[in-house]
Amino acid sequence: MKVTSIIVGGLAALASAHSDHREDHAGLPKLMGGRKFLSELKARGALPSALEDAAMLVEERQEPVESTLEVRQNANGRCGVGFGAKCTTGCCSAAGFCGTGKDYCAAPDCQLAYGPACDGNQVPAGNSTAGIKRPQIGAVPYGGAGIYDCAVPGDIALTFDDGPYIYTSDLLDKLKAYGAKATFFITGNNLGKGAIDTNGTWSAIIKRMATEGHQIASHTWSHQNLTSLDPTTFKNQMIYNEMAFRNILGYFPTYMRPPYSECNATCGNLLATLGYHVTYFDLDTAGYLNDSPTLIQNSKNIWDSAINPSNNNTDSFLQIEHDIHFQTVYNLTDYILASMQKHGYKGVTTGDCLGDPAANWYRSGDPNVVVTVPQTVSQDGSCSASVTCLGSVFGNCCSQYGFW
C-alpha cells in the first residue's frame, strides 16, 4: 500500500519549516487529487548550497547597492514587472535592475521579456526543431493532466530534476554500482551554469547518461513556470531545449516535467501538441528542503514511510529528487538504493516503469535519421527497454516479466 497521507503530512511540516514565508501559500503542499500530490518547488527554495556559498545566483540574495550596479539602460534604473521598462542591453534581475553577470542573467529569475541577454533568451545553435513532425505513438498519454504513477509492479522510477550539475557524475557512479537506471529531467540553461550544449562537461555527462541506459527527459530550457508564459515563450522553452539535446545526442525527448510541477489545462494542451508526456510523481522525499546533514533524515523518514509498508509484488513508485543538492546525491541516494535492494524493488527509467518501449522516448533531430537508443547489457539477469540480455551471461532472451 502507499501511505500518501503520511507522506503529505510530513511534507506539510517540512514545507512549513523551509518555505519562503513571503509567499502566501508557503507551507502548503500542492494536492492534485487522491494520492497524487505535488510539492510546489520554488527556485529560491531549491538552489544547491554550493551555488549559494559561491554567491553565484539568486538564492536569498541581497540586491546590490546602487553604487555597485552595472550600467543601467533606462531612465530610473528599474526594469521588469511593476516598472514596465526594458533593458536595452544586458539583463533584468528579479528585483528589477538592469545589469550583466549571473546575478542579473541567470535563469530562472532573469526577466525574459525585459532583458535580451537573459540566459533563457539565448538560442542554441542550428536549425529549429519546431518543424519536426510529432506523431503520438504508444499507449502512454500525451499532455493532459499528466502521469503520476508507474504501471509495472516492483518498479521504482528514480527521477532527478534540474541537472546536470557538479554532483551528477558521482550520482551516475552510484546508480551503476547498484545496477539501477534513472530518468534525468534536464534544464538546458539554468542556475548560471551555462548551456548544456556549449559546456563540454554537461554535454559529456548527458552522453554518459544515454550510454549507460538512463532516460533523458526535458525540464524546459530555463526553468520558467509554464503557466505564466505567453504561447511564443512557452514554445521556446521546449524548442530551445530540443535544439540543445539535438546538438548533443542527435535526438530529443518526448518526456518532460514542468518546472515547479505546475501545468494547467492550457499548458497540458500545448505540451500535447508538442508531443510530450507530462510527468509528475507519487513519491517526493523533499530532499531539496533537507539539504544539510542535520535535516536529510527527514527525507529518509518520508521514504521509509512509503517503502517499508509496501509490497513489491503489487506496488510501484514514481519518485522525484534533484541532483543539484549535495545531501541528495551523497547521502540520500545511497540510502534509497540500499532500501530498494532490501525491499526487492528495481530502479528503472520512467519509460520502463510505464511499459513504454524505448523507441518511443525520443524523436530524431533529423527527419531522415532514425533514433537508436543505447542499451546496456544486463548485469543481474533483469532486462527492460534500456537493458538487454543479449550478450549477457544469463542468456540472450528477455521474458515478458523483465528477466532472462
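The model is predicted, so local features need a pLDDT of at least 70, side-chain atom pairs count only at pLDDT 80 or more, and totals for chains, interfaces and linings use all residues. Residues are numbered from 1 along each chain as its sequence is written, and side-chain values use heavy atoms, with hydrogens and water left out.

**The overall picture**

The protein chain has ten helices and 16 strands. Helices here are DSSP runs of H or I with at least four residues, strands are DSSP runs of E with at least two, and both are numbered from the N terminus. Of its 404 residues, 56% count as buried. Buried means under 20% relative accessible area, exposed means over 50%, and partly exposed is in between, using a 1.4 Å probe and protein chains only. Take the contacts between residues at least 6 apart in sequence: 70% of them join residues at least 24 apart. A contact means heavy atoms within 4.5 Å.

**Strands side by side**

Let's start with strand β6 (residues 183–186). T183 and F185 sit on one side and F184 and I186 on the other, and all are buried. Which strands does β6 pair with? Strand β5 (residues 155–161) runs parallel to β6, joined by three bridges, and strand β7 (residues 215–218) also pairs with β6 in the parallel sense. Two strands pair if DSSP finds at least two bridges between them.

Now for β12 (residues 317–322). Six of its six residues are buried, so the strand is largely enclosed by the rest of the structure. F317, Q319 and E321 point one way, while L318, I320 and H322 point the other.

| Strands | Bridges | Residue pair |
|---|---|---|
| β5 and β6 | three | T159 and T183 |
| β6 and β7 | four | I186 and S218 |
| β5 and β12 | six | L158 and Q319 |
| β11 (residues 283–284) and β12 | two | L283 and Q319 |

From β11, the chain crosses through helix α8 (residues 296–307) to β12, in a right-handed β-α-β crossover. Right-handed means that, with the strands pointing away from you, the path from the first strand over the helix to the second runs clockwise.

**Two helices in contact**

How do α4 and α5 pack? Their axes are 10 Å apart, at an angle of about 15 degrees. Axes are lines fitted to C-alpha atoms, for helices over the stretch in contact, and angles run from 0 to 180 degrees between N-to-C directions. That makes α4 roughly parallel to α5. Angles under 35 degrees count as roughly parallel, over 145 as roughly antiparallel, 65 to 115 as roughly perpendicular and the rest as oblique. T168, S169, L172 and D173 of α4 meet I205, R208 and M209 of α5 in this contact.

Head for the loop between β5 and α4, where P164 lies. The peptide bond from G163 to P164 is cis, with omega near 0 degrees. D162 lies in that loop too. D162 has a positive phi of about 85 degrees although it is not a glycine, and it is buried, with a relative accessible area of 4%.

Elsewhere, the bond from A107 to P108 is cis, with omega near 10 degrees. P108 is in the loop between α3 (102–105) and β5.
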